[in-house]
Structures are given as C-alpha cells and as structure tokens.
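This briefing covers selected helices and the contacts made by their side chains. Please read it alongside the structure.

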Amino acid sequence: IFAKLKMEDANGHVGKGERKKERKAKPDRKQKPALEREVEHTSPDVSQSPFIRALGSTDFNTRAKGVQALTRFLQLKTELAEEDLLKIWKGLYVCFWHSDKAPVQEDLADRLVGIFPALNQRVAFLYFTIFMQTMQREWFNIDRLRLDKFLMLVRKFIGQLFTYLRSHNWDPQLLEQYADFLRDHLLLPLNPHHAIGLAYHVCDIFVPELRAALAAAPTHSSQQQQKPEVGVGKKRGRQAMGQQQQGAVQAGGLPAAALEALLEPFSSTLLRAGEQAMLTRVREAVFDPLIEELLEEDGGQGDESDGEDGSEGQDGGGKQRRAPLLVLAGGEGLGASFAAQLFEMGGMPEVRARNRTVLFGISQSLEKAQRKRAKRMLSDTSAASPSLASPAFSLSRHQQQQQQQQQQQEL
C-alpha cells in the first residue's frame, strides 16, 4: 500500500493527508490588519487612502479600525501638509457625527484627544488648529441632538492642550503659538460670520480645565512626605511640612509668565472686541472666577480651614485646599500687577467706551479683592501672633491698632 501511494505521488497525484493540510492552513496571526498595512504605502492623495474612507463608514467596527490606522499614520509623520489634515479632520468629524451612545462617544473622544500629545510639536499644532477650524466651519451644521457631544469633544481638547503645555514645562514659544491662534482665529477672527458659540464655550471652560490640568499635575509632596525633625515641636513640624508642600505645588504648578500668556487672548478680546455680549462673556467666564477665588475665605491660607479642592495645604480630613490661580502662579503680587496692566490698556485713547468700562471694572475688582485678601491675611497673622495672644505681652487696644496699622503699611 505504501509503495502504491509513493507511485501515485511520483505520478503527480496528491494524497489525502496533504489535502487536509491545505484545507486547515490558516493565515499568519502576526500579520497586521489590512488598513494598518496600507498606512506605510499611503498614496500622495490622503483623501483616497483606505483609512480615510473608513472613518466615514456607518459601520462601527470599520470606523474603529480607521481610527487605529489614522493614529499610526499620524505618529509616523514628521511633516504633514495643512490640506491633508483638513481632509483628515473632515473624515474624523463624520466619524464622530456617526457615533451614538455616551460611552461610545467618550471613548472615541478620548482616542482623538490621545493622538494630540503623541505627535511632534509641528504636527501637534496643526492637529489642534485644524480641529478648531473644522469645528468653526461645521458649527452651524450641528443640530441640537448632537451639540452636546461636540461640546464635550472641544472641552477634552482644551483640557488636553493645558496638559500638553504643562508636560513641556510651559514653554514660552509654545504658549505664544497657541495663545496667538486662540486670539486671532477663535476669539477675534477676521470673518464677521464666525462661530461665536464656539468662542463662548472656550471662554466657559477655560478656567475649569486649567484648574483640572493643574490639579492632575504630580507634585513631590505627594510622593515624599518627610517627618518632623527630632527635637522640633509638633506644631512647628506641621508648619514646616505645610511650607514644603506649598513650595512643591507652586514649583510644579503654573508660572506667572505662563498664566499671563494664557490670559493674553482674553485681555486682548476685552480691548478689541466690538460686541457687548462677547465682553460680558469674557468677564463673567474668565476674570470673575479668578476674582472670586481671591475673595474665598479658604483661599489656601491657614492650617485649620477646610477647603473644597485645590493644591495648597491640607485640612484635617486629608482634603486639599484650593489656592487661587493668581496666587498660585505669581504669589500675592500678580493680582495687583495684572490689575495695573488692565488699567493701562483701558487708558489707551483708541479704546471704545464700553471696552474701557469693562477693563476699568475688572481692574478695580482685582484691586479690591487683593486688598481684602491682604487684610484677611493680616488679621490671621495678628490673631496667631504670640505678642497679641499671650498675657505676658498684653497690649492696650490702642497699641494693638497701631501695630496692625504698621503691619498693614508694610504689606
């Protein structure tokens, strides 16, 4: 029988065992998917690429594979034309348009936002700016049923922008680049029929997303907690640890120059915007929260005051107290210097009357908040001073008032 089978094989016949092997042959599992294989051989015209067409598909799995292929394509690119990114973001816009259900929308938004920090600086800047331009162009085509998910996408991109700038140590060139884009193309565009609703939304989410990006920043105080030295009292030891935590947070937080650069587009909007609604929105959404933080009783001061959230000190329950952004960025002097800057801008002869009124109003509010904060700090300091609290150093009421006035003048 074996000899007969060998003779059949010699004559060109195929045995049954070999036929079964051919039937059971499987493709190599290590082989990349078709879309990802074609990324490396993409045609010069990006709009004809398979993964771009897959983004506009109505099938969920096809769109997911298209996003994966696009992520790989962008990560491999060091240079990319603006026209190509316009086509890519048109496909991404359609892809996000077709996404249904909140979990699917959030997952897709996180994927699109996650591409941003993985790119080199030039491609990342184009990726962000073309996204904003696409949203401006398509803003009036978004119906009320899909508006919420696109607002969520814009919020995630603004939050990722702050995280991206923080990861680059608030590089002045990057700050100026992105601030100029926000000012010239979003808040003060040349097109009179621009998407004003998108600009309003960016104003609304600016301070909360900046606060969230700073709160997510790792600090040395959370990693290394030192114990008081031997021979030092418990109270002095707690004060020393609080000072170390405060210094670590401010060192890893937001520099004064970075905050001024981020606020520059909005101060320029107060100077040049012609619509009263825009002036009101910028003041209420951006500058009023900064002023209210200065007026908060728990503004990060004291050892026993309870705060809601933030990044300076801790209360007894382990909850961190929030430091005002103006104080966290530049100490106690940034609010006064920024108020003086707004006052000088309002005093320019070419400024409109309504713009001048808003600039002067914000400057005055900042100065009042700064004075109240200084007075509150002075009262807290005098209450904790042993010269006023100890019976051995009992002073008359007149002498106490004179000492408080002298300390206030020094401040």
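The model is a predicted one, in which local features need pLDDT of at least 70 and side-chain atom pairs count only at pLDDT 80 or more, while totals for chains, interfaces and linings use all residues. Residues are numbered from 1 along each chain as its sequence is written, and side-chain values use heavy atoms, with hydrogens and water left out. Helices are DSSP runs of H or I with at least four residues, numbered from the N terminus.

**Helices α7 and α9**
- The axes of α7 (residues 102-115) and α9 (residues 147-167) come within 10 Å and cross at roughly 35°; axes are lines fitted to C-alpha atoms over the stretch in contact, with angles from 0 to 180 degrees between N-to-C directions.
- On the α7 side, Q105, E106, A109, D110, L112 and V113 meet K149, M152, L153, K156, F157 and Q160 of α9, where contact means heavy atoms within 4.5 Å.
- The residues of this contact comprise six nonpolar, two polar and four charged; Ala, Val, Leu, Ile, Met, Phe, Trp, Tyr, Cys and Pro count as nonpolar, Asp, Glu, Lys and Arg as charged, and the others, Gly among them, as polar.

**Helix α5**
- The end C-alpha atoms of α5 (residues 60-76) are 25 Å apart, which agrees with the 24 Å that its 17 residues should span at 1.5 Å a residue; the expected span is 1.5 Å times one less than the number of residues.
- D59 caps the N-terminal end of α5, with a side-chain oxygen 3.4 Å from the backbone nitrogen of N61.
- Buried residues in α5 (buried means under 20% relative accessible area, with a 1.4 Å probe and protein chains only) include R63, G66, L70 and F73.

**L92 in α6**
- L92, found in α6 (residues 82-98), counts as buried because its relative accessibility is 1%.
- Not counting residues up to four places away in sequence, L92 touches L55, L70, L112 and Y127.
- The C-alpha atoms of L92 and L70 are separated by 9.6 Å, and the two residues are 22 residues apart along the chain.

**Helices α10 and α11**
- In α10 (residues 172-187), the buried residues include Y178, F181 and R183.
- The buried residues of α10 pack against α8 (121-138), α9, α11, α14 (256-272) and α15 (276-295).
- H201 lies in α11 (residues 196-215) and counts as buried at 12% relative accessibility.
- Leaving aside neighbours within four places in sequence, H201 is in contact with L151, V154 and R155.

Technical notes:
Helix = DSSP H or I, 4+ residues; strand = E, 2+ residues; numbered from the N terminus. Buried < 20%, exposed > 50% of the residue type's maximum accessible area, 1.4 Å probe, protein only. Polar contact = N/O pair within 3.5 Å; in protein donor to acceptor, adjacent residues only side chain to side chain.
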